[in-house]
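Trainee: New model on my screen, and I'd like a quick tour. Start me off with a term I'll need.

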Amino acid sequence: MSFPTLVGLLLLWQGAASSLNVLVLDGSNRPIPGVRVELKAGGELVASIQTDEKGRAEFGELKPVRYELDAWKDGFEPVQKANLELPASVELTLTPLARKESIEVKGTVAPLEQGASAPNEIPAQTAKELPGRPPTVADALPLLPGVVRVPGGGLVMSAAGEHRSALMVNSADVTDPATGQFGLTVPIDSVETMNVYQTAFLAEYGRFTAGLVSVATRRGGDKWKWELSDPFPDFIIRSYHLRGLRDATPRLNVEGPIVEGKLYFSEGLEYTVRKTQVYELPFPFNQKIQEGFNSFAQFDWVASQKQLVTATVHVAPQRMAYVNMNYFNPQATSPDAATDNITATLSDKLTLGNGLLENTFSVTHFDAHVWGQGTQDLTISPGGNSGNYFAQQSRDSSRLSWTPVYSFAAVHWLGTHNVKTGAYLAESTDNGQVTERPFNIVDSSNQLLERVTFTPGLPFRNWDLEYAFFGQDHWMITPRLAVDVGLRTESQERSQSLRVAPRAGIAWTPFANTGTVVRAGFGWFYDRVPLSVYSFAHYPNQIVTMFGPGGQITAGPWVYRNGLGTVSSRFPFVFQEPGTGNFSPRSATGNVQIEQPLSPRLLLRVGYTQKQSAGLVILNPVPPGAANGGVGSNLLSGGGQSRYHQFEVTARLRWNDKRQLFFSYVRSRARGDLNDFANYLGSFPVPIVRPNQFGNLPANLPNRFLAWGVVQLPAGFRISPLIEFRSGFPYAVTDALQNYVGVPNAQRFPSFLSVDSRFSKDIKVNPKYSVRLSVSAYNLTNHFNPEAFHNNVADPAFGLFFGQRGRRFTADFDVIF
């Protein structure tokens, strides 16, 4: 079915009604009559109504455009709500003047919505209704175009790894300072809004080149309530016999006022025991195990009429067994790991005059310990590996940061200027040690071809100081034309460089009554360089020996020393002296986007994004030779490049919060250098270092279609479908020595299709609580989606795809209070 045909069917389905219903309540959920409610479109007044004795106001016969609401009454703080799409039912809460600060602060949560690039948003409540029920922010992100989870389990955005993206929770960076990875993210029960920007052109955001994930968490409400989700475990049933626990993921959410009108509390707590089966391995030796807690607590203190203070604590210890296990790396060759993530933030929002001063302090601490199942040498063969994982590491990293931001009062001169300026200051550390044991490469007859041993690793202690400054102006030239201009400077002490990032964009509504919005922007972005890069010289050095058919040494032993390359940047916006490790990964990013309401319920968005990245940190093996004294090197250099192009079409069909569907199609191409440093310096490094090549990136997916949402059915039932169809991931063909054969990543897995659905119903047990019963189905079409492929030409099974997750069902039970 073509996309135009699909849009036409959706238009016929959704009908022609277009109205807006408003309910205005006070803090005790009592209706407020006599509230003046104004409806505007493009800054122009459409209608003005007062609420009736039931606190209600209704606007009818409205055109399919975006609207804004203003509501006010003497003795109460005015409330504004923007970006309303029809039809809609809106509930507003007016608070007395004594709580002015809470309204002022909430009005500053999403400053990019009217900028040059609109975000992709995941409604947290809708995501919780989907099959699989993503428990954390990271689990929900693949619902968005441009974000996928690769076979190894990592997230990629714009075909780039997590270390090239930023994750911010309540304006605080919560990534691992050592690796740049996200770690175990905030429970989705604690999320208020979750936005993803592949192109964030405002200068206040930086330290990424691929994308930004911005999360705002929920404040406790005016009444105490709690919700218990998934309290009962799932079990493994094989041949009608109980074979153990499959998973247990109980989640508890509690919120309410500690001191009414002054101090609020919310807590999201999850305990997880999850056993993920690797279908291509025999039971019971095919279960990857994850166990841990994930707790997010938030306190909000209304200090005065002009000040709101928020404190959060996120604690997430977890233990993982048999990480990255698959057919070629069974249990014995897979590592175990224990990680601990603690993040605390303190945010102060203070109204000064007509401006707003925001100060955010945060401290983040990551612990990671990785070890193998034993001390045997790892043996790598064409048909599968044996022995034990080769690397062991123990490290801890931390970051202490301060982010002051001041939003000036609007200046009315040739339009309206909303100026914001701020800074970022952070101290980071990375301490630890990595040890690595020998590994052998053998052919299909178990003949030794290559042996790699290692020198002892040295302890490392790294320190870095980052600082950034920015200024930006959101200039509303007319109600239908806005321009964003800004400048950001960033610096890392370790890289000894000053990076300047100019950015600009426009948002234009060409027609007054159609709702069309055209957005465009361009800017420079820079990655922060994780501290693991500067620890690499302390990692064990490789000693490589080659063997012939009779077991005799044919070459080597050669020592490959770890080191950092010398960088001499000629880029005009990077100021630095030539030096070792002075890396400045950067991206020139441009975007054009058109957004058009096709009806009161259907919104269509079409966009094109291009990212040209350079200065990326990659690993280059330099073979030994006379010029370097017969010693080779594994050199981290700043010469990596990548190219990313994306054409995107998204549509949202919305009746109300309980009835909405999301559709997206992405056509993309991603090419770049393959030896990204994160493959070798992360928590689970790969043992083999091949010569770098430029080709299709591992997450290059030319075509991807997504459809998901929730639809309320009669009799209190609801259905939540999730459909994904995409190109298969690329793969590389290798030989017995594990070298590339031909062009890497030139072939692909078969196309992937998964049709999942969740069917649920709430049953009210008594006035205080309800139970929710649900059944989820996965891969309803039983499509062949192989998880593994024999990619080595020396493997007798070369060319075979296998490892299929067939049609399957699960049941859930929740308690809602």
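Mentor: Buried means under 20% relative accessible area, exposed over 50%, partly exposed in between (1.4 Å probe, protein chains only). Also, this is a predicted model: local features need pLDDT of at least 70, side-chain atom pairs count only at pLDDT 80 or more, and totals for chains, interfaces and linings use all residues. Residues are numbered from 1 along each chain as its sequence is written, and side-chain values use heavy atoms, leaving out hydrogens and water.

Trainee: Salt bridges next. How many does the structure hold?

Mentor: There are 23, each with a side-chain nitrogen of Lys or Arg within 4 Å of a carboxyl oxygen of Asp or Glu. Take Arg 164 and Asp 527, whose side chains meet at 3.5 Å, N to O. Arg 164 lies in the loop between strand 11 and strand 12 (165-169), and Asp 527 in the loop between strand 34 and helix 5 (532-535), so this pair ties together parts 363 residues apart in sequence. Helices (H or I, at least four residues) and strands (E, at least two) are DSSP runs numbered from the N terminus.

Trainee: Are Arg 164 and Asp 527 buried or exposed?

Mentor: Both of them are buried.

Trainee: What does Arg 207 pair with?

Mentor: Glu 466, with the closest N and O atoms 3.0 Å apart.

Trainee: How about Glu 787 and Arg 805: how far apart are their closest N and O atoms?

Mentor: 2.4 Å. Glu 787 belongs to strand 51 (residues 786-789), and Arg 805 to the loop between strand 52 (801-804) and strand 53 (808-816), 18 residues apart. Glu 787 is partly exposed, with a relative accessible area of 35%, and Arg 805 is partly exposed at 22%.

Trainee: Which residues are linked in a network of salt bridges?

Mentor: Glu 129, Arg 718, Arg 758, Asp 762 and Arg 772 are.

Trainee: Switching to strands: why is strand 40 described as largely enclosed?

Mentor: 9 of the 12 residues of strand 40 (residues 586-597) are buried, so the rest of the structure largely encloses it. Strand 34 (residues 517-526) runs antiparallel to strand 40 and is joined to it by 10 bridges; DSSP needs at least two bridges for a pairing. Tyr 526 has Arg 586 of strand 40 as its bridge partner.

Trainee: And what about strand 41?

Mentor: Strand 41 (residues 602-622) pairs with strand 40 in the antiparallel sense over 12 bridges, and a hairpin joins the two through 4 residues. Here Arg 586 stands opposite Ala 614.

Trainee: Last one: what's the order in the open sheet of 3 strands?

Mentor: 9-10-11, with antiparallel pairing. Strand 9 (147-149) and strand 11 (160-161) are the edges, each pairing on one side only. Strand 9 is joined to strand 10 (residues 155-157) by 3 bridges, and Arg 149 stands opposite Leu 155 in strand 10.
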